[in-house]
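Please go through this structure one element at a time, with the coordinates open alongside the text.

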Amino acid sequence: MLSGLRRRRSGRVPRTTLLAAALIGIAVALALPASGLGTQAKSSQACQLSVFSWWTGGGEAAGLTKLIKIWNTRNPTCPFKNETVAGGAGTNAKAVLAQRLAAGNPPDSFQGHAGAELRDYIKAGQVEPVDFIYKAAGFGQAMPASLISQIKFNGKLYSVPVNIHRANVLWFNPKTLRAAGITPPKANTGYTWAQFIAALKKADAAGLIPLAMGEQWTAQHLLETVMIGTLGPKGWAALWKPNSESRWASSGVKTALNRYNTLLGYTNSDAASLTWQDAGKLVADGKAAFNVMGDWQDGYFSGSKAGDNLALRPGRDYGWTAVPGTSGVYDWLSDSFTLPKGAPHRAAAVKWLTFLGGRLAQDTFNPVKGSIPARKDANAKLYGPYLKWALAQWKTDTLAGSLTHGVVAPNAWATEFGTALGLYLQSKNVARFQAALVAAAKKNS
Amino acid sequence: MRRIRRWGPGLLLVSPSILLVAVFVYGLIGWNVKVSLSDWRQAQKTSGFDTSAYRELFPSAELGQVGEFFRSIVTGRQSDTLTTDPAWVIDVRHALLFTVAFVAGALIVGASLAFLLDKGVKGEGFFRAVYLFPMAVSFIAAGVVWRWLMNPAPGDRSTGFNLLFDKLGLGFLRNEWYLGADWGASALAIPAIWALSGYIMALYLAGFRGVPEELREAARMDGASEWRVYRHVVFPHLRPVTLSALIILGHISIKVFDLIVAIGGKQLITQTPAVYMWILIYDARDYAKGAAIATLLLLGISVLVIPYLVYTVRSEREV
């Protein structure tokens with residue numbers, strides 16, 4: 001026995017040992033990926049509804065947890081498998097998802113902003129139309145017709161919206177404004193542009209940051225609301241229709257960009273180093289007069305301290321209205337869920353989407369997430385002061401889709417818009433900015 | 001048959017690794033180059049040959065355009081006539097600023113630390129560990145801390161260095177750090193210098209110790225001052241160390257991504273080529289252009305690494 005282990009005269013390892021080692025090496029290398037596939041195949045035999053989202057924190061995660069609870073009690077044979085990837089606005093999640101879809105390994109349903117952002121998935125044939133779900137569950141009657149027409153692509157629906165957020169909200173601190181001699185705007189009518197600029201001037205004179213802004217995407221968020229407030233919802237929608245380059249070159253767009261240029265003169269110098277929460281907190285702390293952000297800000301302002309929010313009193317510690325020129329316009333965005341082609345448990349996925357579009361799921365999720373249901377029949381009693389206001393507006397307002405949050409422009413166009421904005425923020429050259437936007441429209445519209 | 005018996009088992013032993021490297025390194029490099037030369041610029045996959053991605057990254061062959069391209073990189077001013085992607089021009093400028101600041105900074109700081117330790121300090125082991133530790137911190141974690149240290153907020157919202165400068169009465173040193181329009185990208189190199197200079201110190205320290213004490217003694221016997229001992233005896237021995245340090249720093253610099261994203265996020269003001277590549281692939285789904293940038297990054301690194309490999313092979317042969 002021992003002699004076999006003893007080294008030969010030559011001091012070299014025996015040939016047979018080497019050969020065996022090499023064979024084992026090859027076997028291990030070949031077996032690793034194979035065993036990986038094996039476990040995957042096994043786990044998909046038992047029914048499990050795998051849902052992919054970027055809801056990992058705050059109200060979103062809490063809302064999702066409530067939905068999962070309801071789902072699991074109703075569907076004990078096909079429990080929920082929560083596949084979340086962290087990262088604000090889903091930037092990391094979308095990268096992971098793209099890899100999974102390309103590898104032919106889709107979840108049963110995945111989150112995506114409703115609207116043009118889904119077009120890449122649709123064009124690549126990665127999602128199925130879900131019109132049949134709308135028909136069977138009567139979503140067409142329950143949700144506003146204008147919403148449904150804005151999320152259709154080539155006449156078909158590809159996702160079920162769970163919630164609606166509003167992007168064009170102007171936030172302010174009433175106490176700060178009064179101290180600076182500024183009359184706070186009324187929620188329903190808001191400021192005109194002239195009143196707003198006058199208020200910014202007063203705030204500047206009082207030593208406040210007139211308009212708090214954060215990193216580049218929040219600058220784009222502000223720009224889209226200024227454009228809607230200048231061009232109106234119809235003019236805005238026309239910019240995203242086919243062959244729209246001449247509209248991008250119009251004097252209306254020029255007016256909007258010049259107005260935006262003026263507003264940037266009232267923003268904080270360190271904008272690029274602030275998150276949206278940092279910028280909102282400047283208003284909450286009384287250091288800034290105004291801030292334009294989506295209505296997830298309401299969740300941040302009024303939510304509990306335990307959840308890293310500010311626990312402010314709505315209406316007293318902070319107020320809101322539509323961005324100037326956009327009263328009566330709902331610059332909307334929506335989280336929605338899809339039916340991927342080749343979903344491992346398609347029947348369960350259809351059931352999940354039917355559940356999500358229903359009143360129970362929407363009224364369970366949204367009060368916690370801090371958004372309103374896409375449906376018109378929400379139970380207003382469940383919602384806080386800001387959301388009650390938003391619910392009322394949602395029923396009467398004209399809808400304008402958000403650019404920054406994926407409704408009006410496909411990914412390529414939205415990215416080019418962002419790059420053009422980044423270049424403009426460095427050069428502050430409005431004419432060059434407009435030329436870049438025209439070029440982007442020429443390429444993408 | 002005999003010859004096969006001699007090298008066969010060895011080959012068999014390393015063949016899994018050769019196979020894996022062939023597929024997952026060189027195969028994927030080849031695939032990446034193929035994608036960069038395709039018209040896969042939207043969500044749909046097509047297979048046509050197309051050089052449009054590269055044409056957006058290089059100036060056209062006209063002399064005026066080439067001049068404008070380099071002028072724009074050097075001055076940082078956007079050009080109205082240049083047909084090259086203006087964001088890419090800014091990325092290249094950022095990459096150059098970052099590289100110069102990072103490589104020079106880390107080499108100087110690292111070499112100085114090594115020099116001081118080489119002169120004999122009490123508790124050398126302790127200092128060595130202290131200076132080496134930052135390398136153990138990931139760029140993403142370091143970025144979060146340095147984002148706070150290099151906070152450009154004005155007035156009473158200052159934190160980090162700006163606050164420190166104010167407290168010390170050095171208010172004139174306050175600055176915008178990475179938000180500076182012209183030189184901001186070089187401020188992004190400061191955390192990288194902090195992280196890597198300890199490693200460069202370790203390289204140089206090993207280099208210093210590798211110089212035989214007899215040589216130094218001999219020089220001293222001949223009446224050389226301490227400075228001249230270093231200048232004419234020690235430093236010439238350090239050329240291979242400096243070269244290795246340059247390669248290591250250079251390739252980290254060209255592909256820097258996590259540090260930038262942790263400090264600046266996805267914004268043009270701090271964007272580097274690797275960040276733009278990510279945006280193009282995952283946000284815009286412009287796979288060809290993203291792959292083209294990846295290819296250019298690989299070429300940039302090769303420019304550094306291949307001469308180094310040639311040098312190493314040659315000097316090993318001489319030995």
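**A helix of chain B, then the sheets of chain A**

Helix α15 of chain B, residues 287–318, contains 32 residues and spans 45 Å from its first C-alpha to its last, close to the 46 Å expected at 1.5 Å a residue. The model is predicted, and the descriptions below refer to that model.

Which residues of α15(B) are buried? They are Y287(B), A288(B), K289(B), G290(B), A291(B), A292(B), I293(B), A294(B) and T295(B). The elements that cover these buried residues include α1 (2–36), α2 (52–57) and α14 (273–283) of chain B.

The loop between α14 and α15 of chain B holds R285(B). The phi angle of R285(B) is near 55°, a positive value in a residue other than glycine. Is R285(B) buried or exposed? R285(B) counts as buried because it has 22 C-beta neighbours inside 10 Å, and the cut-off for a buried residue is 20 or more.

N243(A) is in the loop between α11 (216–239) and α12 (245–248) of chain A. The phi angle of N243(A) is near 50°, again a positive value in a residue other than glycine. N243(A) has 9 other C-beta atoms within 10 Å and is therefore exposed, the limit for that class being 12 or fewer.

D118(B) belongs to helix α4 of chain B. D118(B) has 18 C-beta neighbours inside 10 Å, so this residue counts as partly exposed. Leaving aside neighbours within four places in sequence, D118(B) is in contact with L205(B) and F208(B). Between D118(B) and I252(B) there are 134 residues in sequence and 27 Å in space, taken from C-alpha to C-alpha.

The next topic is chain A as a whole. Chain A has 20 helices and 12 strands. Of its 445 residues, 49% are buried. Among contacts in chain A between residues at least 6 apart in sequence, 78% join residues at least 24 apart.

One of the sheets of chain A is open and has four strands in the order β7-β8-β6-β9, with mixed pairing. Its edge strands are β7 (209–212) and β9 (319–322) of chain A, each of which pairs on one side only. From one strand to the next, the twist averages 20°.

Within this sheet, β6 (residues 169–172) and β8 (residues 288–293) of chain A pair in the antiparallel sense over four bridges. F172(A) has F290(A) as its bridge partner in β8(A), and L170(A) stands opposite V292(A) in β8(A). Strand β6(A) also runs antiparallel to β9(A), and four bridges join the two. On that side, L170(A) stands opposite T321(A) in β9(A).

In a regular strand the side chains alternate between the two faces of the sheet.

Another open sheet of chain A has five strands in the order β2-β1-β3-β11-β4, and its pairing is mixed. The edge strands here are β2 (80–84) and β4 (159–161) of chain A, each pairing on one side only. Neighbouring strands of this sheet are turned by 30° against each other on average, direction ignored. Strands β1 (residues 49–53) and β3 (residues 109–113) of chain A run parallel and are joined by two bridges. V51(A) has S109(A) as its bridge partner in β3(A). Helix α16 of chain A, residues 346–357, packs on the sheet and touches β1, β3, β4 and β11 (335–338) of chain A. The direction of α16(A) makes about 55° with that of β1(A).

The last topic is where the two chains meet. The contact takes 29 residues from chain A and 29 residues from chain B. On the side of chain B that touches chain A, α1, α4 (86–118) and α14 of chain B each supply at least two residues. The largest share of that side, six residues, comes from α1(B). By class, the side of chain B that touches chain A has 18 nonpolar, seven polar and four charged residues.

Conventions
Residues numbered from 1 in each chain as written. Chains lettered and ligands numbered in written order. Predicted model: local features only at pLDDT ≥ 70, side-chain atom pairs only at ≥ 80, totals over all residues. Expected span 1.5 Å × (residues − 1). Contact = placed C-beta atoms within 7 Å. Pairing = 2+ DSSP bridges. Axes fitted to C-alpha atoms, helices over the stretch in contact; angles between N-to-C directions. Nonpolar A, V, L, I, M, F, W, Y, C, P; charged D, E, K, R; others polar.
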